[in-house]
Amino acid sequence: MQIIHTIQELRAWRKTAGRVAFVPTMGNLHEGHLALVHEAQKRADNVVVSIFVNRLQFGQGEDFGRYPRTLQQDADKLKDAGVAVVFAPDERELYPRVAQRYNVEPPHLQNELCGKFRPGHFRGVATVVSKLFNIVTPDVACFGKKDYQQLAVIKGMVEDLNFNIEIVPVDTGRAADGLALSSRNQYLSETERAEAPHLYRELQAVAEAIAQGNLAYADLERWATDNLAAAGWVVDYIEVRHAESLEVAHAGDKHLVVLAAARLGSTRLIDNIEVSLE
């Protein structure tokens, strides 16, 4: 396995790499990331994993400074997983002028759901992913469904900007108790970690109610929000949306997703669950 730090070296390697699958990450890897790698390996001759903590997608007061940088540990895991290349540029390599002059601006969706609470986040995601796509030029890229809104933004960007890349969604990795795997889970105290799966249980309850014919989405959202608030959570949102467009769900929609973001102590957790009414 090679660890490559420069765009020039990565592009030189890419010329003879055959079919390439790509997994962009911010590092501090867990089993959820490795599931993306395993899916990528099924679809290409070589897998590239990027590790880059992207300042553009962190807002004022967010955890950019304390986000774990664990390159050596991550590289060991990726080597064991059979990855061909780890692309780990420093900030000056990816943003040579410091301030990015041209950005990729997603549509209205960037200001809803998580975007309502993290202004500019999805602009930062779309911009860095477009840069990485242009550098790596993968045939396939794998993204986790845990970051469901991010996946929708990336799929839309690839379609509208004519990237010749297949986007492969990968199911959310979960701990045995249902908690979605996330690098931020390590911020949870022991007590908070025991409470954290409650978020997924509320989503399951909403999804089950919908599957049984309860289409009063606003009532279900309020009910789940109140349950979490009573347990000490600060809820940003729980919403039922159309699974493909992420528009507000309406009666008659057959493919839905229930999305949530909530804070437990100082840690913000996100999760979702899809519902099919067919």
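**Entry 1: ground rules**

Contact, as I use the word here, means heavy atoms within 4.5 Å. I'm working on a predicted model, where local features need pLDDT of at least 70, side-chain atom pairs count only at pLDDT 80 or more, and totals for chains, interfaces and linings use all residues. Residues are numbered from 1 along each chain as its sequence is written, and side-chain values use heavy atoms, with hydrogens and water left out.

**Entry 2: Thr-267**

I started at Thr-267, which sits in strand β9 (residues 267–276). Helices (H or I, at least four residues) and strands (E, at least two) are DSSP runs, numbered from the N terminus. Buried or exposed? I get a relative accessible area of 1% for Thr-267, so it is buried. The cut-offs: buried is under 20% relative accessible area, exposed is over 50%, and partly exposed is in between, with a 1.4 Å probe and protein chains only. Setting aside neighbours within four places in sequence, I find Thr-267 in contact with Arg-184, Tyr-187, Leu-188 and Ala-262.

**Entry 3: the two domains**

I looked up the domain assignment, and it gives domain 1 (2–170) and domain 2 (185–270). Bounds like these come from an automatic or database domain assignment. The domain centres, taken over C-alpha atoms, are 26 Å apart. At the boundary, 17 residues of domain 1 are in contact with 15 residues of domain 2.

The two domains bury about 1400 Å² between them, with 58% of it on carbon and sulfur atoms.

The rule finds one across the interface of domain 1 and domain 2. I also noted a salt bridge between the side chains of Glu-112 and Arg-241, at 2.7 Å, N to O.

**Entry 4: nonpolar cores**

A nonpolar core is a set of buried Ala, Val, Leu, Ile, Met, Phe, Trp, Tyr and Cys residues joined through side-chain atoms within 4.5 Å. The largest one has 45 residues, and Trp-13, Phe-133, Ile-154 and Ile-167 touch the most other members. At least two residues each come from α1 (7–14), β2 (20–25), β4 (85–87), α6 (121–136), β5 (140–144), α7 (148–160) and β8 (255–264). Which element gives the largest share? That is α6, with nine residues. Domain 1 (2–170) and domain 2 (185–270) each put at least three residues into this core.

I then zoomed in on Phe-133. Leaving out neighbours within four places in sequence, its contacts are Phe-22, Pro-138, Ala-141, Phe-143, Ile-154, Met-157, Val-158, Phe-163, Ile-165 and Ile-167. There is also a second, separate core of 26 residues, with Leu-203, Leu-228, Ala-260 and Ala-262 among them.

The UniProt record (an unreviewed entry) puts the feature "binding site" at Gln-57 and Gln-150. They are spread over 94 residues of sequence, yet they cluster in space, with a largest C-alpha distance of 11.2 Å. I kept in mind that UniProt positions use the numbering used here, feature names are shortened, and annotations may be inferred rather than shown by experiment.

Gln-57 is in the loop between β3 (46–51) and α3 (71–80). Its relative accessibility is 11%, so I log Gln-57 as buried. Beyond four places in sequence, Gln-57 is in contact with Met-26, Glu-62, Arg-118, His-121, Gly-124, Val-125 and Val-128. Gln-150 belongs to helix α7, and at 18% relative accessibility Gln-150 counts as buried too. Not counting residues up to four places away in sequence, Gln-150 touches Phe-122, Val-125 and Phe-143.

**Entry 5: positive phi**

Last, I looked at backbone angles. Thr-137 has phi near 45°, a positive value in a residue other than glycine. Thr-137 is in the loop between α6 and β5, and at 39% relative accessibility it is partly exposed. Leu-246 isn't a glycine either, and its phi is positive at about 60°. I find Leu-246 in the loop between β7 (234–242) and β8, buried with a relative accessible area of 1%.

Methods:
Buried area is the accessible area (1.4 Å probe) that two parts lose on being put together, summed over both. A salt bridge is a side-chain nitrogen of Lys or Arg within 4 Å of a carboxyl oxygen of Asp or Glu.
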